[in-house]
Amino acid sequence: MASPKKKLTVADLLKLKGKRQIVLTTAFDEWTARAAEEAGVDMIVAWGNDLASSKFVIENVRRGAPNTLIGSGLPHPAYASIEDALKLAGEIRAAGTDIIYCSGLVPDKFAGLARQNYPCCGHVGYLPVNNTWYGGPRAVGKTAEEAKKVYDDVMALEAAGCIAIEMEVVPEKVAAEIAKRTKMLIFSMGSGPGCDGQFIFAEDIVGSNTGHFPRHSVTYANLYKDAVAALTKYREAVHSGAYPETKHNIKIKDEEFAKFMESIKDKLPIELPSRPFKPRAKKLTVADLL
């Protein structure tokens, strides 16, 4: 049996700058987290829609990946004040997160967290939470002015005490030059190989995504297609009578079954109308099932 994976510490992670690429992905359930840990992923990013769902997700991911760093975002109420940010950071750290991972949190809020020794990861470039300001999803930093703004944002977050930055869809040359000028780790989401690590959503990697695949994504499996095929075979087996087989069924001794039948002898089987099954394209109702 393989030895358990040694969990990286934040100190270990920082020492990897300039040594090798750091590998990040997402997980929102125990199964995906376990797969990521077994695959040797360095860091898992996990979050929910609010504090309760974030804690639920983090706890499940931690069960699946006890020896992998977890980064998790603060819910939006954290943006109101540093006091709120500290309270929520404490709660998600207690749930199992290692690094406070935020999109849209301004530097002064990070500074308050950093002073309390919370390892923080910021977010620059394209921020989905600010999508409307960009006129929709797009690369950020393709003009000198925008590129300088990305650089300034990175420097502000470094000054605030962040240990890392996710840089999303920034031109690779710009990202590489910025990465050379900061002691922080720069995690690329579509920002090229010159950063310190690469971050892609697990649903894109394994092919469970049923929506848009971003340009920077890569897919090595097709779990959605495999799931549809498997569930189709199951439905067909049920309708044909191929499932369940004898090996799937629970037996009862003949004498016990005879006693049971004796106990219900006055209860006759109900008569069902004879209706051929017709496959339906629309959603079945309760009336349809009956």
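Select helix H8 (172-180) and display its buried residues, Val174, Ala175, Ala176, Ile178 and Ala179; buried denotes under 20% relative accessible area, with exposed over 50% and partly exposed in between (1.4 Å probe, protein chains only). These buried residues of H8 pack against H7, E6 and strand E7 (185-189). Helices (H or I, at least four residues) and strands (E, at least two) are DSSP runs, numbered from the N terminus.

The model is predicted: local features need pLDDT of at least 70 and side-chain atom pairs count only at pLDDT 80 or more, while totals for chains, interfaces and linings use all residues. Residues are numbered from 1 along each chain as its sequence is written, and side-chain values use heavy atoms, with hydrogens and water left out.

Next, select the largest nonpolar core, which has 38 residues; such a core is a set of buried Ala, Val, Leu, Ile, Met, Phe, Trp, Tyr and Cys residues joined through side-chain atoms within 4.5 Å. The residues with the most contacts inside this core are Leu74, Ile100, Phe110, Leu113, Val154 and Met167. Two or more residues come from each of H4 (82-95), H5 (107-115), E5 (120-125), H7 (144-159), E6 and H8. Apart from this core lies another, of 17 residues, among them Leu8, Met43, Leu69 and Ile99.

Centre on Val154. Neighbours within four places in sequence aside, Val154 is in contact (heavy atoms within 4.5 Å) with Val124, Met167, Ile178, Thr182, Met184 and Ile186.

Proceed to Glu168, in strand E6 (residues 164-168). Which side chain of opposite charge is nearest to Glu168? It is Arg138, 12 Å away, and Glu168 is buried without a salt bridge (a side-chain nitrogen of Lys or Arg within 4 Å of a carboxyl oxygen of Asp or Glu). Lys and Arg count as positive and Asp and Glu as negative, whereas His and the chain ends are not counted. The side chains of Glu168 and His123 are joined by a polar contact of 2.9 Å (N or O atoms within 3.5 Å; within protein, one able to donate a hydrogen and the other to accept it, and residues adjacent in sequence counting only if both atoms are side-chain atoms).

Finally, select helix H2 (residues 30-39), where Thr32, Ala33, Ala36 and Glu37 are buried. Seen down the axis of H2, these buried residues fall within an arc of 135°, so they line one face of the helix; the arc is that of the directions from the helix axis to the C-beta atoms. The face turned away from the buried side of H2 carries the exposed Trp31, Glu38 and Ala39.
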